[in-house]
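This report is written for a reader who is new to the structure.

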Amino acid sequence: MAASEADPVEVLRRIAFLLERAHEPTYRVRAFRAAAATLAQLPDAELRLRAKRGTLTELRGIGAVTATVVTEVLDGVEPAYLAKLGDAAVAPLVRGGEKLRALLRGDLHTHSDWSDGGSPIAEMAAAARDLGSGAHDYIALTDHSPRLTVARGLTASRLRDQLRVVAELNDTLAPFRILTGIECDILDDGSLDQDPALLDQLDVVVASVHSKLAMPSAAMTRRMLNAVRNPHVDVLGHCTGRLLVGRDGGKGRAESRFDAEAVFLACKENGVAVEINSRPERLDPPRRLLTTAVEIGCLFAVDTDAHAPGQLEWQAYGCARAEECGVPTGSIVNTLDADALLSWTARAS
Ligand SMILES: [Zn+2]
Ligand SMILES: [Zn+2]
């Protein structure tokens with residue numbers, strides 16, 4: 001597309017996407033996303049008039065930097081901010097895993113602004129559909145469950161509302177598909193933090209431990225076994241809970257201790273996929289456990305756990321890790337097309 005035909009809203013979103021891809025925290029990218037959201041609502045004529053008069057910054061969410069970007073786009077020049085991002089913005093994030101990445105059809109773990117993600121469902125879906133590293137056919141929308149209040153976990157009622165919103169979006173996005181889902185907390189006793197009847201309606205259930213990560217190994221093993229044996233569960237999310245780096249670059253978090261062989265064996269027996277969580281601060285499971293899961297013969301899902309559109313590119317990290325640890329391509333469930341994937345998630349329930 002020539003610069004003169006570029007849409008300022010798309011350019012702002014593109015900048016945000018590239019910043020997210022380059023590991024910028026969501027809050028730092030917010031200015032671009034907020035500006036895009038404001039301008040998407042503005043009639044084209046008013047946008048042009050305000051750019052001409054220099055009054056864009058009177059609008060909520062438009063600052064000096066974003067106003068300059070908009071003006072440059074309307075003037076038909078490449079925004080300096082975009083140019084500054086340069087080649088690094090499109091260079092591969094990691095070496096290895098390219099073949100696997102090309103085989104992936106979707107992503108089974110993503111968040112929207114309904115819980116602790118930074119962007120609306122529609123923007124996450126559009127980004128997944130248009131990914132530069134390999135467009136997806138589907139994403140599972142897996143916002144958090146009620147007990148995770150810090151992440152604005154969805155009550156049953158909000159999740160039901162979300163299902164209606166997803167159904168409407170799917171009408172307009174077809175053939176792309178948003179699969180309904182949840183990242184459901186595994187409670188202390190291994191039960192799941194959502195109404196079973198509602199879980200039954202969802203396409204994809206990712207179950208993860210987010211609390212009491214330091215409980216004794218025997219109790220954690222029981223807890224995880226209970227979850228994995230629950231027929232609603234499709235994917236075991238970030239199994240050790242470790243963080244290589246903490247929030248704001250601080251200290252990380254140690255792995256939870258549990259009997260990995262027993263848990264992975266239960267995953268295999270129950271057809272639950274072990275997640276290869278691609279987030280750079282997680283990369284969970286660690287290599288030695290991922291190798292164990294491969295030896296046991298588990299299924300896997302290479303997921304981003306994206307909380308912003310640009311983070312959907314992070315699947316590259318998980319693919320590199322999967323290749324490094326010899327994960328067979330045929331055992332990765334998100335190489336399946338949407339119909340085959342849904343047959344798998346519907347296997348037991
Ligand atoms: Zn999680
Ligand atoms: Zn998550």
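The structure holds 0 disulfides, a disulfide being a pair of cysteine sulfur atoms within 2.5 Å. Cys-298 is in no disulfide, and the nearest cysteine sulfur, that of Cys-267, is 5.5 Å away. For Cys-325, likewise in no disulfide, the nearest cysteine sulfur belongs to Cys-239, at 12 Å. Cys-298 counts as buried at 3% relative accessibility, and Cys-325 counts as buried at 11%. Here buried means under 20% relative accessible area, exposed means over 50%, and partly exposed lies in between (1.4 Å probe, protein chains only).

This is a predicted model, in which local features need pLDDT of at least 70 and side-chain atom pairs count only at pLDDT 80 or more, while totals for chains, interfaces and linings use all residues. Residues are numbered from 1 along each chain as its sequence is written, chains are lettered from A and ligands numbered from 1 in the order in which they are written, and side-chain values use heavy atoms, with hydrogens and water left out.

The structure holds 22 salt bridges, each a side-chain nitrogen of Lys or Arg within 4 Å of a carboxyl oxygen of Asp or Glu. The table lists three of these pairs.

| Salt bridge | N to O distance | Relative accessible area |
|---|---|---|
| Glu-123 and Arg-13 | 3.3 Å | Glu-123 17%, Arg-13 22% |
| Arg-50 and Glu-58 | 3.3 Å | Arg-50 19%, Glu-58 60% |
| Asp-195 and Arg-160 | 3.8 Å | Asp-195 30%, Arg-160 36% |

Helices (H or I, at least four residues) and strands (E, at least two) are DSSP runs, numbered from the N terminus. Arg-50 is buried, whereas Glu-58 is exposed. Glu-123 and Arg-13 also belong to a network of salt bridges that links them with Glu-10, Glu-20 and Arg-33.

Helix α13 (residues 315-324) has 8 buried residues out of 10, so it is largely enclosed by the rest of the structure. Among the buried residues of α13 are Tyr-317, Cys-319 and Arg-321. The buried residues of α13 pack against α6 (98-103), β1 (106-110), β6 (273-277), α12 (287-296) and β7 (299-303), where contact means heavy atoms within 4.5 Å. Just after α13, Gly-326 takes a positive phi of about 70°.
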